[in-house]
Amino acid sequence: MKLLEGKKAIVTGASRGIGEGIARTFAQAGADVAFTYRSSAERAQQLEQALTGLGVQAKAYQSDAASFEDTEKLITSILADFGAIDIAVNNAGITQDNLILRMSEEQWDKVIDTNLKSVFNMTKQLARPMMKNRGGSIINITSIVGMKGNAGQSNYAASKAGIIGFTKSIAQELGSRNIRCNAIAPGFIETEMTDQLDEATKENYFSNIPMKRFGTTAEVANVALFLASDLSTYVSGQTVSVCGALNT
Ligand code: NAP
């Protein structure tokens with residue numbers, strides 16, 4: 001039997017990058033997968049077809065993770081289409097980097113709303129259905145930047161640090177209902193998000209990574225698979241770094 005056979009998952013921001021890697025890994029492990037995107041409709045359709053080709057139910061939903069209203073409608077639709085949600089991965093995220101002297105209120109709000117409020121939006125909608133379902137696994141994608149901070153990323157670091165506190169609180173609130181809540185803190189993973197960085201920043205990261213390579217989306221997805229599955233039934237409230245020992 002596959003690790004996620006019979007489970008139903010929602011992954012936010014899965015049209016590319018880490019979210020896409022998690023959606024593919026979950027479907028390969030037998031899960032039915034609902035996933036969201038913001039604007040990459042064509043890529044989302046391609047992924048939906050690829051996942052369906054693996055013999056599971058899969059569906060793409062256009063939904064803004066930062067919007068409470070969108071998330072409410074999204075969960076209603078997914079519950080109607082899939083019947084239940086056992087696993088939620090809050091992955092959708094953005095960067096809008098700037099030094100504090102130049103950071104606009106808009107840059108601050110956009111990053112906090114997309115990265116942190118989104119996690120509240122989803123958890124708020126899922127708490128009841130998961131309680132009714134007598135369990136669930138919520139996985140929040142934070143970052144080692146949320147633990148260490150990073151000059152030029154105060155908005156991003158604050159959003160990711162907030163996710164860690166939120167994760168621990170939800171694990172304590174919902175633990176007695178068999179709902180687990182964990183976070184994954186990737187280091188430097190090769191995706192379109194990190195492609196945007198200039199060469200000097202990439203070299204600086206690289207020189208500090210003890211494993212002397214960047215990570216892959218599959219390496220993050222495998223940790224998500226563990227946290228989503230029944231291999232981790234007594235793991236909750238934790239943050240697992242996937243960073244080649246960058247954060248030690
Ligand atoms: P990415 O390649 O830029 O992909 C971001 C994904 O999120 C896309 O599918 C995008 O959809 C979606 N998205 C963005 N804003 C959204 C919104 N408001 N509503 C719904 N979906 C939205 O990023 P990534 O590198 O895979 O990062 C994924 C997560 O891992 C983020 O939370 C990021 O902070 C975290 N992380 C990444 C790294 C890294 O090194 N890459 C390290 C640490 C943490 P569209 O395609 O439609 O825009």
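Student: With which residues is Gln153 in contact, leaving aside its neighbours within four places in sequence?

Tutor: Gln153 is in contact with Thr95, Asp97, Asn98, Val145 and Tyr205, where contact means heavy atoms within 4.5 Å. The model is predicted, so local features need pLDDT of at least 70 and side-chain atom pairs count only at pLDDT 80 or more, while totals for chains, interfaces and linings use all residues. Residues are numbered from 1 along each chain as its sequence is written, and side-chain values use heavy atoms, with hydrogens and water left out.

Student: Why is Gln153 called buried?

Tutor: A residue is buried under 20% relative accessible area, exposed over 50% and partly exposed in between, with a 1.4 Å probe and protein chains only. Gln153 has a relative accessible area of 8%, and is therefore buried. This residue is placed in the loop between helix 5 (145-148) and helix 6 (154-174); helices are DSSP runs of H or I with at least four residues, strands are runs of E with at least two, and both are numbered from the N terminus.

Student: What makes the pairing of the Gln153 and Asp97 side chains a polar contact?

Tutor: The term requires a pair of N or O atoms within 3.5 Å; within protein, one must be able to donate a hydrogen and the other to accept it, and residues adjacent in sequence count only if both atoms are side-chain atoms. The side chains of Gln153 and Asp97 make such a contact at 3.2 Å.

Student: What is the class of Asn133, buried, partly exposed or exposed, and why?

Tutor: Asn133 has a relative accessible area of 32%, so this residue is partly exposed. Asn133 lies in the loop between helix 4 (105-132) and strand 5. A polar contact of 3.1 Å joins its side chain to that of Asp86. Beyond four places in sequence, Asn133 is in contact with Ala84, Ile85 and Asp86.

Student: Why does Ile138 count as buried?

Tutor: The relative accessibility of Ile138 is 2%, so Ile138 counts as buried. Ile138 belongs to strand 5 (residues 136-141). Apart from neighbours within four places in sequence, its contacts include Ala88, Met130, Ile179 and Cys181.

Student: Why does Thr194 count as buried?

Tutor: Thr194 has 12% relative accessibility and therefore counts as buried. Thr194 is placed in helix 7 (residues 192-195). Outside four places in sequence, Thr194 is in contact with Phe188, Ile189 and Lys202. Thr194 and Cys181 are 13 residues apart in sequence and 26 Å apart in space, C-alpha to C-alpha.

Student: How do you know that the radius of gyration agrees with that of a compact globule?

Tutor: The radius is taken over C-alpha atoms, and the globule rule is 2.2 Å times the number of residues to the power 0.38. For 248 residues a compact globule would have a radius near 18 Å, and the protein chain has 17 Å, so the value agrees. The C-alpha atoms fill a box of roughly 45 × 40 × 35 Å along the principal axes.

Student: What share of the 248 residues in the protein chain is buried?

Tutor: Buried residues make up 51% of them. Of the contacts with a separation of 6 or more, 74% come from residues 24 or more positions apart. The protein chain has 9 helices and 7 strands.
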